[in-house]
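Work through the exercises below with the sequence and the model in view. Try each task before reading its solution.

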Amino acid sequence: MESHSSSSSFSSFKSYLRALSDTPNRLSRRACSVSTSSEETTRLRIRSGSEMKRTLRWYDLVGFGVGGMVGAGVFVTTGRASRLYAGPAVVVSYAIAGLCALLSAFCYTEFAVDMPVAGGAFSYVRVTFGEFPAFLTGANLVIDYVLSNAAVARSFTSYLGTALGLSTRTQLRFTAHALPEGYNELDLIAVAVVLILTLVICYSTKESSWLNMVLTVLHILFIVFVIVVGFWKGDWNNFTKPGNPENAGGFFPFGVSGVFNGAAMVYLSYIGYDAVSTMAEEVKDPVKNIPIGVSGSVVLVTVLYCFMAASMSALLPYDMIDADAPFSGAFREGSAGWKWVSNVIGVGASFGILTSLLVSMLGQARYMCVIGRACVVPTWFARVHNSTSTPVNASSFLGIFTAGIALFTDLNILLNLVSIGTLFVFYMVSNAVIYRRYVTNGATNPWPTTSFLFCFSLTCIIFTLIWQFGPSSNKPKALMLVACLGVAIALVQLFHCTVPQARKPEFWGVPLMPWIPSVSIFLNIFLLGSLDKPSYVRFGFFSGLIVLVYVLYSVHSSFDAERDGTLGIKSEESVKESSIERQVCSAKV
């Protein structure tokens, strides 16, 4: 079928021009075409050839979740949030962010249990909103994965230099003077790390899990060491007394708003649990193991983060914390006998970087694999190797591409290009879980649910704009924020009371529907509002590029696949799956 598909729109230049002339018709047919759970879990998986082996259990998923979330970023994020926003109350900021991450993880879990496939958010949006929104979501996420992985790989070299007491710029990287600034420091260590991990994830997912487990345990041991030493060396008075008496004191020196601003900053430290959902196709008994794995990893990481924040707050008053290197700086402030701890932190952060990189590279390959199954990128990416049962083509291609970016591009340039795509995907998944619960295509009216999602998102955007750019005087700003919150709560309650759910999850569902996904929507919009202008410029550029790829290639490829009978369309074709179909699908997984 694949060869037949390629012989239609892409067999010759004349055929391609003929396909382009038919683009409006093909867009109207394919852009909003939705898939079904049974199609995602059975029909599309055939395109990969061999199947991925179901070898993972809940503890593997917890390990992947913890490894993916607890990278080196927490060593920096904690200091910035405490020094600039929350003070000692950064502990509360981490607790709030952890709760919000758990709510968002619930949305992923409902989809992953219902559709245990490797596509993650791409598959979830595809069965809800259609092919083009799914491609826009999935492609942005893959781009974010590649760029962030390149940044993480280069940061490994930096932390390795800290652990060994070497200069990263002069001793671990090479300067190519012929290249422009920002692209002239060649990082061969980052390239080697990416390529070695690529070989590992191509070889076996189970062996990748064991490697991740070992590195994660070592990383956690280093974190526990830092926590214990911090409490041992710290002073509880630092939780309430600033170093400079002229600065605000108390546990909440910046007030309640500072706590929530701090939560917005540290929430990015929880990004990584979404990669666990892409391994659903390789999980034994997904109904039992996926909820434990995803939720358990978020809870465990929240506890670790809160203890780390408390340990740092005990070491130094908040106004003396080094925002860029809080833990290392705190130990350097002490006697010379404690300075060796900063080297230990470098070692621990290096382990964290490796686990974060490993999990992200596993996730990006599985996203690309399932996007290939949907025929919106070449189906070569969808192939699963018959010996390793892993998506070798997608893993190797993205690994080499990531290594190439990590070789040349400066860390600061990369850091300005990530985060917004991931938050956009979280927002889309939270919308999708509400839409899927309340709308059955062809059987229920979608307009009440669509109207609610639009009005609620608009209210959240207005709240975020007021929070960021509202009047400087506190009382008018507070009144406007309270009014927006009141409208948002009223919208959710009205929707909850007037629109019945169209389907009930068979195995596991988000509790307190639609409140939990609505909180997740609000949080992700709020966090999107806290990002800087370059992030939006990057998002606009890459989204435009993705739209161009879809119009020039993807829509024609999926149209050919539909004509060949390998893809379905949004019609009466099993839009409302029968219980018999779903039971057969469940038995297979």
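The model is predicted, so local features need pLDDT of at least 70 and side-chain atom pairs count only at pLDDT 80 or more, while totals for chains, interfaces and linings use all residues. Residues are numbered from 1 along each chain as its sequence is written, and side-chain values use heavy atoms, with hydrogens and water left out.

**Exercise 1. The whole chain**

Task: State how many helices and strands the chain has, and what share of its residues is buried.

Solution: 
Step 1. Helices (H or I, at least four residues) and strands (E, at least two) are DSSP runs, numbered from the N terminus. The chain has 25 helices and two strands.
Step 2. Buried means under 20% relative accessible area, exposed over 50%, and partly exposed in between (1.4 Å probe, protein chains only). Of the 589 residues in the chain, 57% are buried.
Step 3. Contact means heavy atoms within 4.5 Å. Taking contacts between residues at least 6 apart in sequence, 84% join residues at least 24 apart.

**Exercise 2. The faces of helix α2**

Task: Find which residues of α2 are buried and which residues on the other side are exposed.

Solution: 
Step 1. Helix α2 covers residues 13–21, and its buried residues are Ser 15, Tyr 16 and Ala 19.
Step 2. Looking down the axis of α2, these buried residues fall within an arc of 100°, so they line one face of the helix. The arc is that of the directions from the helix axis to the C-beta atoms.
Step 3. Phe 13, Lys 14 and Ser 21 are exposed on the other side of α2.
Step 4. The buried residues of α2 pack against α3 (23–30) and α24 (533–564).

**Exercise 3. A buried arginine**

Task: Locate Arg 26, and decide whether Arg 26 is buried or exposed.

Solution: 
Step 1. Arg 26 is in helix α3.
Step 2. Its relative accessibility is 6%, so Arg 26 counts as buried.
Step 3. Leaving aside neighbours within four places in sequence, the contacts of Arg 26 include Ala 19, Val 555, Asp 560 and Arg 563. Ala 19 is also one of the buried residues of α2.

**Exercise 4. The largest nonpolar core**

Task: Name the residues that touch the most other members of the largest nonpolar core, and the helix that gives the most to this core.

Solution: 
Step 1. A nonpolar core is a set of buried Ala, Val, Leu, Ile, Met, Phe, Trp, Tyr and Cys residues joined through side-chain atoms within 4.5 Å.
Step 2. The largest core has 156 residues, and Tyr 94, Tyr 108, Tyr 267, Tyr 273 and Ile 434 touch the most other members.
Step 3. Helix α17 (residues 340–373) gives the most, with 16 residues.
Step 4. Not counting residues up to four places away in sequence, Tyr 267 touches Tyr 273, Leu 423, Phe 426 and Leu 527, among others.

**Exercise 5. The second largest pocket**

Task: Describe the lining of the second largest pocket by class.

Solution: 
Step 1. On a 1 Å grid over the protein atoms alone, a pocket is an open set of points where a 1.4 Å probe fits, with protein on both sides within 12 Å along at least five of seven lines; lining residues have an atom within 4 Å of a point.
Step 2. The second largest pocket holds about 600 Å³ of space. Grid points are joined across faces, edges and corners, and a volume is the space filled by probe spheres set on the points.
Step 3. Of the 25 lining residues, Phe 260, Phe 463, Leu 485, Val 519 and Phe 522 are the closest to the centre.
Step 4. α23 gives the most to the lining, with six residues.
Step 5. The lining has 23 nonpolar, two polar and no charged residues. Ala, Val, Leu, Ile, Met, Phe, Trp, Tyr, Cys and Pro count as nonpolar, Asp, Glu, Lys and Arg as charged, and the others, Gly among them, as polar.

**Exercise 6. Loop residues**

Task: Find where Phe 381, Ser 389 and Pro 514 lie, and describe each one.

Solution: 
Step 1. Phe 381 lies in the loop between α17 and α18 (392–408). At 11% relative accessibility, Phe 381 counts as buried. Its C-alpha atom is separated by 5.4 Å from that of Asn 393, twelve residues apart along the chain.
Step 2. Ser 389 is in the loop between α17 and α18. Ser 389 is not a glycine, yet has a positive phi of about 60°.
Step 3. Pro 514 lies in the loop between α22 and α23. The peptide bond from Met 513 to Pro 514 is cis, with omega near 5°.
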